[in-house]
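Open the model in your viewer and keep the selection panel at hand. We will go stop by stop.

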Amino acid sequence: MTKITITIDTDQETNKAPKVELLRRSVLNPDDNPLTEIDPPRVGARSLPMDWNVAARVRELKFKMWDAAYVECKGNRTKMSKLLGYTSYQTLVAQMKNTGYIIPEDR
C-alpha cells in the first residue's frame with residue numbers, strides 16, 4: 001500500500017497545515033471488488049456517510065422533481081410531462097404508478 005500526504009498552505013489562525021491523505025494499493029488482485037475496497041471520504045477524523053444505492057437515489061430525485069413539477073403545473077399531469085421532458089403523458093403516469101409515487105395532496 002502506498003501512502004501519499006499532501007500539505008496545503010497553513011491556516012493563519014492555527015498556524016497548522018491541513019493534511020489530505022490518499023491511500024492506494026500498488027497492485028489490485030483479480031478477486032478485489034473496487035466498490036468495497038474504497039475508503040469512505042473523510043473530513044478531519046470523521047468519515048462521511050456514503051450511500052451507494054444508485055436506484056434509490058434516482059428514485060428520490062424523481063420524486064423531488066415530480067413534486068416540484070406538480071406544484072408548478074398545479075397538478076396537471078399533461079403539463080408536468082411536457083415540463084419534465086417526457087415524450088408522452090402515459091410514460092410519466094406509468095412511471096409514477098410503478099415507483100409508488102403519491103401526489104402531494106394525498107400524503
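How many helices and strands does the secondary structure of the protein come to? Colour by secondary structure and count four helices and four strands. Here helices (H or I, at least four residues) and strands (E, at least two) are DSSP runs, numbered from the N terminus. Read along the sequence, the pattern is β-β-α-β-β-α-α-α.

Before going further, note that this is a predicted model: local features need pLDDT of at least 70, side-chain atom pairs count only at pLDDT 80 or more, and totals for chains, interfaces and linings use all residues. Residues are numbered from 1 along each chain as its sequence is written, and side-chain values use heavy atoms, with hydrogens and water left out.

**Stop 1: the whole chain**

Show the surface. The accessible surface comes to about 9,100 Å², by the Shrake-Rupley method with a 1.4 Å probe, where for residues only the protein chains shown count as cover. Carbon and sulfur atoms hold 54% of that surface. Of the 107 residues, 12% are buried. Buried means under 20% relative accessible area, exposed over 50%, and partly exposed in between (1.4 Å probe, protein chains only). Now consider contacts, meaning heavy atoms within 4.5 Å. Among contacts with a separation of 6 or more, 24% join residues 24 or more positions apart.

**Stop 2: helix α2**

Select residues 54-72, which are α2. At 1.5 Å a residue, its 19 residues should span 27 Å, and its end C-alpha atoms are 27 Å apart, which agrees. The expected span is 1.5 Å times one less than the number of residues.

Which residues of α2 are buried? Pick out Phe63, Trp66, Ala69 and Tyr70. Look down the axis of α2: these buried residues fall within an arc of 135 degrees, so they line one face of the helix. The arc is that of the directions from the helix axis to the C-beta atoms. An α-helix has 3.6 residues a turn, so residues three or four places apart point the same way. The buried residues of α2 pack against α3 and α4. Turn to the face away from the buried side, and you find the exposed residues Val54, Lys64, Val71 and Glu72.

**Stop 3: the nonpolar core**

Select Phe63, Trp66, Ala69, Tyr70, Cys73, Met80, Tyr86, Leu92, Met96, Tyr101 and Ile103. These eleven residues make up the largest nonpolar core. Such a core is a set of buried Ala, Val, Leu, Ile, Met, Phe, Trp, Tyr and Cys residues joined through side-chain atoms within 4.5 Å. Two elements give two or more residues to this core: α2 and α4 (89-99). Helix α2 gives the most, with four.

Centre on Leu92. Leaving aside neighbours within four places in sequence, Leu92 is in contact with Trp66, Arg77, Met80, Ser81, Leu84 and Tyr86.

**Stop 4: the aromatic rings**

The count is three aromatic pairs. Rings of Phe, Tyr and Trp (its six-membered ring) pair if their centres lie within 6.5 Å; planes under 30 degrees apart count as stacked, over 60 as edge-to-face and the rest as tilted. Zoom in on Trp66 and Tyr101, an edge-to-face pair at 5.2 Å centre to centre with 75 degrees between the planes. Trp66 lies in helix α2 and Tyr101 in the segment after α4, so the pair ties together parts that are 35 residues apart in sequence.

Is Tyr101 buried or exposed? At 10% relative accessibility, Tyr101 counts as buried. Beyond four places in sequence, its contacts are Phe63, Trp66, Asp67, Tyr70, Met96 and Arg107. Draw a C-alpha to C-alpha distance from Tyr101 to Arg59: they are 42 residues apart in sequence and 9.4 Å apart in space.

**Stop 5: Lys74**

Move to the loop between α2 and α3, where Lys74 sits. Lys74 has a positive phi of about 55 degrees although it is not a glycine. Most residues other than glycine have a negative phi. Lys74 counts as exposed, at 78% relative accessibility.

**Stop 6**

Select Ser81 in helix α3 (residues 77-83). Ser81 is buried, at 3% relative accessibility.

Finish on Val93 in helix α4. Val93 is partly exposed, with a relative accessible area of 26%. From Val93 to Arg77 is 7.8 Å, C-alpha to C-alpha, across 16 residues in sequence.
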